[in-house]
Amino acid sequence: MSKFLEHMKPYHGMMLAVVVFLAVEAYIALILPGYMADIVNDGVLPGHLPVIWRNGLIMLGLTFFSVFVAVITGFFTARTAVGVSNDLREAVYEKVLSFSDAEINRFNTSSLITRTTNDITQVQNTLMMAIRQFIYAPIIAIGGIIRGLERSTDLSWIVVGATAIMLTLMGILFFIALPKYKKWQDLIDRVNQVSRENLSGILVVRAFSTQAFEKGRFGKANSDLASTERFVNQTFAFMTPIISLVLNLTTALIVWVGAHQVSAFRADIGDIFAFLQYGMLIIFSFLMISMMFIFVPRAVVSMNRINEVLHTDGSIFYSENPKTFSSDFDGTVEFRDVTFKYPDAQEDDENVLENISFVARPGETTAIIGATGVGKSTIFKLLLRFFDVTGGGIYVGGLDIRDVNKEELHHKIGYVSQKASLFTGTIRSNLLYADKNATEKKIKTAVEISQSVAFIESKPDGYDSNVAQGGSNFSGGQRQRLSIARALVKDAQINLFDDSFSALDVKTDALLRAALKKMDNKTTIIIAQRVSSIMDADQILVLDHSKIVGMGKHHDLIKTCEVYREIADSQLSEAEGEVTI
C-alpha cells in the first residue's frame, strides 16, 4: 500500500479540490430538503405564493450550481484516477524491465501482463468511484442524520434500523466474496497463460491435430473463471433486491409514522417530507458505499498483486560505486572457476555449470558445443548478468562484471539470442534498435556481414519493408540474419551468438562466419550445435555434464576429446572430421 500512496502524492492538489467540491455538492444536497419543507409549511399550506416562488427559484439555482460542481468534481476525479493508474503502469513496467530471469520465471509472463493491464484497470475504476463515494457518501450520511433529527427525532429509529440492516448485509457479503476475488485474478492469469500458449504454438497444435485437447484445456480454465465470477456476481445479486426492500419499507414506515404524527399535531407535513428525503439520502449514501463493497475487494486483491511486483527485490545487485572500463578496453572475457545453480534450485540439485574456466580474446573466435541441456546458453546469461554466478567470477576487460554498471556492461556486448526476436515495425527500425544513431554505412556493413542484402533488396520497400509481430512474415533464416545484423549494428567489442546460425543453410553459414572473421579485434563467442559451424574457431569448448571436458582447436579435439569426437562422428563424414575409426 505504501507504493500506492507514493503514486498518490503528485495528485494531492487535485484530491483537495475534489474534497472541497464534493463537500459543496453534499451541502447543497442536504439543504434542498429544508427548502422543500419551507415551501410546504410556509407556502403551500397557508397559500403564500411568494414563498413558493422564492424558495423554488433558490432550489433551482442551487440545483444548477450543484450540476456545475459535479462536472468539475468528475473532471478532477478522472484526472486523478487515470493519472495514478498511468504512473502505476509505468512503475510496474519499469520494475519488470529491471527483473532478472529469476523474477520473470517466478511470476511468469502471463501473470505480469495481467498485473500490468487488468489489475491496474481494476484499481483505476475503483479509485475513480472511491474518491467520490468515500468522501461524498459519509458527508451525506452524517449530514442527513443531523438534519433529519432537526426535523423529527421520533422517526430516527427507522433510519437507524435501516442503516444497521445495510451495514450487516455489506459485512456478510464482503467476507463471503473477498477470498473469491484472489482466486478470480489467479484464474484470469491462467486463462491468459493458456491462450498465450495456444496462440504462440498454433502451428504445433495444428501439426499434431490436438485442437480438441487444447480446446478442453482452455475450456477448463475458462469454466473455472466463469464459475468463480458467477459465484461472486450471484452473491452480490442479493444486494439489490434486499436494498430495494429496505428502501421501500423505510419509505413506508416514515410515511405511516409521519402521518400519525401529523394527525396528532406533533409534526408538520413539510418536516415529514424533509425527513423522508433525508432518510432516502442516508439510505442512498449507504447504497453507494455498498456498491464500493463490490469493487473494493477485487481492487484490494489487484493492488496486492501490483505491490508484489513493485516490492520484489531483484536477485541481481549492483555496486553503489561501480567501476568503469578503461579507455583501452580490449574485450577480453575470462571465466574463472565459475559454478552456477539456479536461484530456485533445491540444495541437493546438481550445478548447472561447474568449475568453468576459459579466456576469450579479441580477434579470436571462441566456440561452445555440447549436448542439449549442458548449460551452453547459461554461460551467456551469466556473462550478460541475467543471473549471478554461484561461485567463481566472470571478468570482462579485467573487471569483475559484478563491479560494473549494468548499462556499461551491456554497451560492450552485442547479443543474438537463441530465438530470433524481431519487433513490429520495419526492417530499418529493427536494425536501429541496437543503435538509434547508427549511420547508413554501419547499417549496410552489418547487413552485408549477416548475408541479408539479397532478401532485403528483393522486397519492394527494401529497408522500409514491414515487419509483423515477432517477424512472422520472414522465414527462420531471414529472422536469424536480421537478428545478427541488429547485433552488428551495435558495433560492440564483444559479440555473442547463441546458436544463431541453426536456420541457415551450409553455404550462408560459411559466408557469414568468413565475414565475421574479417572483423578486426572483436571478441566473438559462438554457441553451436553443428560442428561445421565451429570447425575454424580459434578455440572450442566442449561441455558435458556441466563441465568443460575439452578445449582446443577442431583437429586437436578430434584426437583428444571423446565427447567432441562422438559429436563430429554423428555429423561429419570421415574426411571432413578427420576421424579415425
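Let's start with Leu60, which is partly exposed at a relative accessible area of 45%; here buried means under 20%, exposed over 50%, and partly exposed in between, with a 1.4 Å probe and protein chains only. Leu60 sits in helix H3, residues 49-98. Helices are DSSP runs of H or I with at least four residues, strands are E runs of at least two, and both are numbered from the N terminus.

A word on the model, everyone: it is predicted, so local features need pLDDT of at least 70 and side-chain atom pairs count only at pLDDT 80 or more, while totals for chains, interfaces and linings use all residues. Residues are numbered from 1 along each chain as its sequence is written, and side-chain values use heavy atoms, leaving out hydrogens and water.

Now, on to helix H6. Its 45 residues, 156-200, reach 63 Å from first C-alpha to last, close to the 66 Å expected at 1.5 Å a residue; that expected span is 1.5 Å times one less than the number of residues. H6 also bends by about 30° at Ala177, with Pro179 following within four residues. The bend is the angle between axes fitted to the seven residues ending there and the seven starting there.

Last, some backbone angles. Most residues other than glycine have a negative phi. Arg385, though, has a positive phi of about 60°, in the loop between helix H11 (376-383) and strand S4 (391-396). Asp491 has one of about 55°, and lies in the loop between helix H16 (476-489) and strand S9 (494-498). Which of them is buried? Arg385 is, at 3% relative accessibility, whereas Asp491 is partly exposed at 43%.
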